[in-house]
Amino acid sequence: MQFSKFGEKFNRYSGINRLMDDLNKGLRTPGAIMLGGGNPATIPAMQDYFHQATSEMLANGDLVAALGNYDGPQGKNTFLKALADLLHETYGWDISEKNISLTNGSQSAFFYLFNLLAGKQLDGSHKKILLPLAPEYIGYSDAGLDDDIFVSYRPEIEQLDNRMFKYHVDFEQLTVDESVAAICVSRPTNPTGNVLTDAEVAELDRLARANDIPLIIDNAYGTPFPNIIFEEVTPFWNRNTILCMSLSKLGLPGVRCGIVIANEETTAALTNLNGIISLAPGGFGPAIAKHMIESGDLLRLSETVIKPFYKERAEFAVSLLQQSISDNRFKIHKPEGAMFLWLWFDELPITTMELYDRLKARGVLIVPGEYFFFGQSEQSEEKWDHAHQCLRMNYVQDEAKMRDGIAIIADEVKKAYAQA
Ligand code: PLP
C-alpha cells in the first residue's frame with residue numbers, strides 16, 4: 001500500500017507508541033513490574049468514589065443521557081460553564097465558558113495546538129514550538145504534521161543535598177525570535193517531576209507576550225485538579241496563556257477528556273477542529289466531572305486524597321532508591337509533582353536505552369531518558385552525556401512491586417558501573 005506523506009509520518013512506530021505498547025503488554029503480562037507508563041494509580045478511595053458517582057448518575061439518568069447524545073464541538077456546555085465558574089471563583093480568573101474547549105484527551109489538544117501554530121506558515125516560513133526546558137514530555141515529540149517543529153534547550157542543573165538535583169530554565173540560552181510559534185512547558189513536568197517556579201513562569205509569560213506568541217502550559221498533573229503537585233506554586237493563566245488540563249490523572253484516563261483554557265480565538269479554532277476531526281468530544285468524562293464540581297468533590301478529593309497518596313508514594317520510592325543504590329554517581333530529581341521519578345546515573349558506561357533492554361529482559365519496565373530530549377537546538381547538538389544517563393520510572397505500583405523493581409534496577413545499575 002502506498003501511504004501519503006501524512007501516512008508515512010504517522011505510520012512510524014514512534015516513542016509514544018512504544019511506550020503505550022509496553023504499557024498495554026505489561027498490563028497483560030503476569031508478574032511484569034510496570035514502572036514505565038503514565039497510567040494513574042489505582043487509589044481505592046477514588047475507585048469507591050467513581051463507583052458511587054456513576055451509580056448516582058445511572059439512577060438519575062445523567063449517565064445514559066451523556067452516552068446517548070452528541071455534545072457540541074466545543075464540548076458539553078453545562079460542564080464548560082461549571083468549570084469556568086469554579087476557576088473564576090477559585091482563582092479570580094477572568095474567564096467564561098467561551099474560554100474553554102474540550103478534546104478527546106489532552107494528547108489530542110497538543111496535536112491540534114502545535115499544528116495550529118507551528119510548521120509551515122502562510123508566508124512559506126517555518127515556525128517551531130519552543131520547549132524551554134528539555135527533558136520534556138515524550139508525547140509531544142511526534143505530534144507535528146511537519147517535521148522538525150520543536151526547539152528545546154538544556155536546563156541548568158542545581159545540585160541539592162541528599163543526592164538530589166533540580167532543573168531550572170537557562171534563560172541566558174533561550175532565544176525567542178520570529179521562528180518561534182509558541183512556548184510550551186509541562187508543569188509539573190513529565191518526565192522529571194520538576195515544577196517550574198513562579199518566577200520562571202512569569203519570565204516565560206513576559207517573553208511570550210513580548211514576542212506576541214502564546215505560552216502553552218500543560219497542567220495534566222497540576223492544580224487545582226488532579227493536584228499532584230507538592231510545591232506551593234501559584235496556578236497561572238491569562239489571555240496569552242493556553243492552559244491544558246485533563247481528567248486522566250484524576251483516575252479517569254479511559255474517558256479521554258482534555259480541557260483547554262485559552263482566549264476566545266484559540267477556543268473557536270479548537271472547536272472548529274473538533275467538529276472536523278471528531279464531530280464532538282466525548283460526553284461521559286465531562287458529565288462525571290460536572291457531577292464532581294456540583295457536589296464539591298473535585299477539588300476536595302484532589303487535595304485530600306490524590307495529592308497525599310502520590311506524595312507518600314513518591315517519598316517511599318525515593319527512600320527505597322536511596323537505600324538500594326549507594327553509588328554517589330546516582331541522583332534523583334527532586335520530586336515536586338507528577339507521578340514519576342527522574343533518575344540520573346552520572347558516568348553510566350551504557351546508555352539508558354541499553355539499560356532499558358536489560359531491565360525489560362528481567363521483567364521491569366522503565367522509560368529510557370533519551371526519548372525526552374527531542375528538539376535540541378543546534379548549539380546543543382553536540383553529544384550531551386547527561387541525556388543518556390537518565391531514566392524515568394513511575395512510583396505508583398504497590399509496595400511489593402516497587403521493592404522488587406527497585407532491587408532489579410539497583411542490581412543492573414551496579415553491574416553496568418562495574419563493567420566500566
Ligand atoms: N501531558 C502530559 C505531561 C502527560 O503526561 C500526559 C499523559 O501522560 C498528557 C499530557 C496526555 O494525557 P491525556 O491525553 O490522557 O489527557
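Biologist: Does α10 pass α12 in a left-handed or a right-handed crossing?
Modeller: This is a predicted model, in which local features need pLDDT of at least 70, side-chain atom pairs count only at pLDDT 80 or more, and totals for chains, interfaces and linings use all residues. Residues are numbered from 1 along each chain as its sequence is written. A crossing is left-handed if the near helix is turned anticlockwise from the far one by less than a right angle, and right-handed if clockwise. The crossing of α10 past α12 is right-handed.

Biologist: At what angle do α10 and α12 pack?
Modeller: Helices are DSSP runs (H or I, at least four residues) numbered from the N terminus, and α10 covers residues 297-324. The axes (lines fitted to C-alpha atoms over the stretch in contact, angles from 0 to 180 degrees between N-to-C directions) lie 10 Å apart. The packing angle is about 35°.

Biologist: Which residues of α12 make the contact with α10?
Modeller: Contact requires C-beta atoms, placed from the backbone, within 7 Å. From α10 come Ala317, Leu320, Leu321 and Ser324. Their partners in α12 are Met402, Arg403, Ile406, Ala407 and Ala410.

Biologist: At what angle do the axes of α11 and α12 cross?
Modeller: Helix α11 spans residues 352-361 and α12 residues 399-418. Their axes come within 10 Å, and the angle is roughly 130°.

Biologist: Which residues of α12 does α11 meet?
Modeller: α11 passes α12 in a right-handed crossing. Leu355, Arg358 and Leu359 are the α11 residues involved. In α12 they meet Ile408, Ile409, Glu412 and Ala416.

How values were computed
Helices (H or I, at least four residues) and strands (E, at least two) are DSSP runs, numbered from the N terminus. Two residues are in contact if their C-beta atoms, placed from the backbone, lie within 7 Å.
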